[in-house]
Amino acid sequence: MKDYPGKILEIDLSHRSISLKDIEAEMLKQYLGGIGFNARILYDQIPAGADPLGEDNVLAFAAGTLVGTPFPTASRTEASAKSPLSGQFGTSNSGAFFGLQMKTAGYDVILVKGQSSDPVYIAVEDDKIQILDAAFLWGRECWETVDILEQKHYGAEIALIGPAGENLVRFASIENGRYDGWGRSGLGAVMGSKKLKAITIKGSRGRKVHNHTDLLDASRKGQQLIKSASSYMAFTEYGTLNASITYGKNKAISAHNFTLGTLPNWKEIGGRQIVDKYGSRHVACQSCIIACGHWAEIKEGKYAGVKVKDLEITPVMSFGATVGLGTEAIIKASELCQRYGVDMVSAGGVLGFAIELFQKGILSQEEVGYELDFGDDEAAFKLLEQIVNRKGIGDLLAEGTKRAAEQIEQGERYAIHIKGMEIPMIDPRGRWSTWTLGMLTNIRGGDHLRCRNPVENLRYNDRDEDYMKERFGFKQSMYDRLDMPEEQKSKAINLENDTVDIPEMSKWAEDLINLFNSVGICIRPPVMEKVGPGIIAEAVRAYIGLDITPAELAQSSERAWNLIKLFNLREGEEADASKFPRRFYEEEIDGEKLDESKIQAVLERYYQVRGWDSQSGRPEAQTLRRLNLMWASSETRDSDEENCD
Amino acid sequence: MKRIVINPQACNGCGICQLVCSACKAGQWHPAFSRIKIKQMREYNINVPVVCQHCSQPPCETFCVMNLIYQEPLEGYVLRREERCIGCRACEIACPFSAAVFDPIKEAVVSCDLCGGNPACVSNCPEGALFYMDEEQTADSKRRQTSRLKLIPSSAAGLSRRASL
């Protein structure tokens, strides 16, 4: 354990300097890797109140601890910076093969600081790190850039931005090769503000493994666990699209900017049978045994020839439901987003917002230049192109719904966001669950991927009067097999009443997902259902020889979550920002609307469970002491006092 | 005469075989050291694992100037005396599958030796895309599959990607 081979690579673009740092054993044990490292490093390095698109912002890529091993789904890399969209901790997770190359080049974390005056890209090949001129790449779309860089750096993995990132669109994404990406939080704009077009990375050294046989055993055990999950077969065939019809039936999709709840022909547009029609083959990320991605191809019609790795629920919901497009247009839209380098969820949200404003007569034809309507793909793509290039009305919309709504009179009612980040796909009015509470408590704003009940039962949709519970609905054997400490399990799941306690489960689910993001494994439901701290501890022990118990693992992910919360509080997060858009409390869908006071009560329970102040949501001193975060607390207090002065 | 048989229909490109191979054979966890390589054919939407086929008339054997490549007499495995390899990489070019791999640490070209009869890639493949079976058996299961196709329409034959060879 003394000589952990991973290094922190720091690249300062202002001074064009490169430095290497070791990762201390203590930091490894306390934060593990991935989002944990990012939280720790960015908390130190980004000064309070820094401009997200300024010189002070730091962009960090951190590969998960287990990336580079055959542990199932260990492929994920976390990218973080202060988000230009929410002004808080911005972070996003992506799979594919970038993390593997980072690890084998010898780096656990890559930090990009400062700002370059000219377009550059960073080429890393083991110890050789170059900052190269990227004038010939600037302005090119993503796929073209990947083609050029693949020729120049054979075998390298590429993280890059497209025109959206260059033009500082606030919801631009960083693309991970052609088809994957760090989508949410607008990290592409951060990269664009640094004038950094791409990072290519290639590693040729394997990592030393503490114990080969144990690691292979742990990986095989992990594979068996995941394969025994109830959702495994469905996921290998249809990927994330499994849930789409269920949510349509529950009237819980974001149809037409969250006005309809469902669409009459939703089954044909977004049902999982579109995989049979357009998909051809399953694609996996490194070490994945689920392979939820599909190669999709449109063979005939208007969009003939479009070929992407796609058919995921995210584009289907954000373009199919929010914007109301047809299936082929959805596939085309996701191709466009990948080429422009823009977050699909936010892009769909902004388009839906603009179309509704146009329909309500708030945006006029003169302002837009053409007519906008739900389901009109040509107009939607034209507007998307304008947003990406910041032309005409697109310049305003490129600021995201929150900022755009502040500029447009009467616009705020139609802006569907939490803390500046557009809400994805699911409508809590149709189905209230741990997942939807997670949108309020998410450390990166209105997003669905940081909290998800590992035993979510989509068959049931009955709302508890006080919003505190959802139906468990599985057999006792499912309960017994959950990899979760007994004490926590009995608090979160009540077998007698067959219910899941939402605040308790939220805390567990958030910590579990944060743990996954730290060690670099995926949050697909079969993994969430079966993999827990127990098996992860085995794998970590075998891989790096770090002696860590499952309880310590769970605590380290909780530590990172609390530290990110402290980061957000330092950036001025207010307690009443954790609210759904007004529309969800005031307008009914199918006779359902949310009850604000009851949700507030759930939120307060959640704060208590976390050991946070139930009103302000600030971590209490004893929680911080338990998590060894007192150092951060005093800093927070100091900066508060400065602000008061 | 057992060989590694590949079913590209089932391969999802996860790369676990590459990691396991590199770990077992080179003590490194990196696909570059692996003797089995997955080629992602994006134009055909398919992933094909490529590995030494242990040809009965191996071109690599003909091309090796040092005469280090030989066929094991009992099973016909194509093996090499790696320690004396000069690293000219002629065999790599000669191989129609490009299944010979240059190991930068050993400074020698290496290829699949079937792990002495229990290939780690096959036992660790989670998708059932790799098989270790007799040539006769391979041909027979192919015939069986084809007969099934001739009998019933393909959709009813249940030829999903998990169909075994």
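User: What does A:Ile8 stand opposite in strand 2 of chain A?

Analyst: A:Ile8 stands opposite A:Lys21. Strand 1 (residues 7-12) and strand 2 of chain A run antiparallel and are joined by six bridges. Strands pair here if DSSP finds at least two bridges between them. Helices (H or I, at least four residues) and strands (E, at least two) are DSSP runs, numbered from the N terminus.

User: And what's in the hairpin between them?

Analyst: Four residues lie between the strands, and A:Arg16 in that hairpin takes a positive phi near 50°.

User: How many residues of strand 2 of chain A are buried?

Analyst: Zero of the six residues in strand 2 (residues 17-22) of chain A, which is hardly covered. Buried means 20 or more other C-beta atoms within 10 Å of the residue's own, exposed means 12 or fewer, and partly exposed is in between, with C-beta atoms placed from the backbone.

User: Before I go on, what should I know about the model and the labels?

Analyst: It is a predicted model: local features need pLDDT of at least 70, side-chain atom pairs count only at pLDDT 80 or more, and totals for chains, interfaces and linings use all residues. Residues are numbered from 1 along each chain as its sequence is written, while chains are lettered from A and ligands numbered from 1 in the order in which they are written.

User: Is A:Met425 buried or exposed?

Analyst: A:Met425 is buried, because 26 other C-beta atoms lie within 10 Å. A:Ala96 is buried too, with 25 other C-beta atoms within 10 Å.

User: What about helix 23 of chain A?

Analyst: Helix 23 (residues 502-519) has 18 residues and reaches 25 Å from its first C-alpha to its last, close to the 26 Å expected at 1.5 Å a residue. The expected span is 1.5 Å times one less than the number of residues. In helix 23 of chain A, 18 of the 18 residues are buried. A:Gly520 follows the helix, with a positive phi near 85°.

User: Zoom out. Which domains does chain A have?

Analyst: Domain 1 (7-202), domain 2 (253-419) and domain 3 (434-619). The bounds come from an automatic or database domain assignment. Between domain 1 and domain 2 of chain A, the C-alpha centres lie 26 Å apart. Their contact takes 33 residues from domain 1 of chain A and 26 residues from domain 2 of chain A. Residues are in contact if their C-beta atoms, placed from the backbone, lie within 7 Å.

User: Which elements give residues on the domain 1 side?

Analyst: Helix 4 (142-152) and helix 5 (163-166) of chain A give two or more residues each. Helix 5 of chain A gives the most, with three residues. By class, that side has 17 nonpolar, eleven polar and five charged residues. Ala, Val, Leu, Ile, Met, Phe, Trp, Tyr, Cys and Pro count as nonpolar, Asp, Glu, Lys and Arg as charged, and the others, Gly among them, as polar.

User: And the chain A to chain B contact?

Analyst: That contact takes 23 residues from chain A and 21 residues from chain B. On the chain A side, helix 7 (212-227) and strand 13 (279-283) each supply at least two residues. Strand 13 of chain A gives the most, with four residues.

User: How many helices and strands does chain B have?

Analyst: Chain B has five helices and eight strands. The radius of gyration of chain B is 17 Å, close to the 15 Å that the globule rule gives for 165 residues, so chain B is as compact as a globular protein of that length. That radius is taken over C-alpha atoms, and the rule is 2.2 Å times the number of residues to the power 0.38. Buried residues make up 36% of the 165 residues in chain B.

Note on methods. Two residues are in contact if their C-beta atoms, placed from the backbone, lie within 7 Å.
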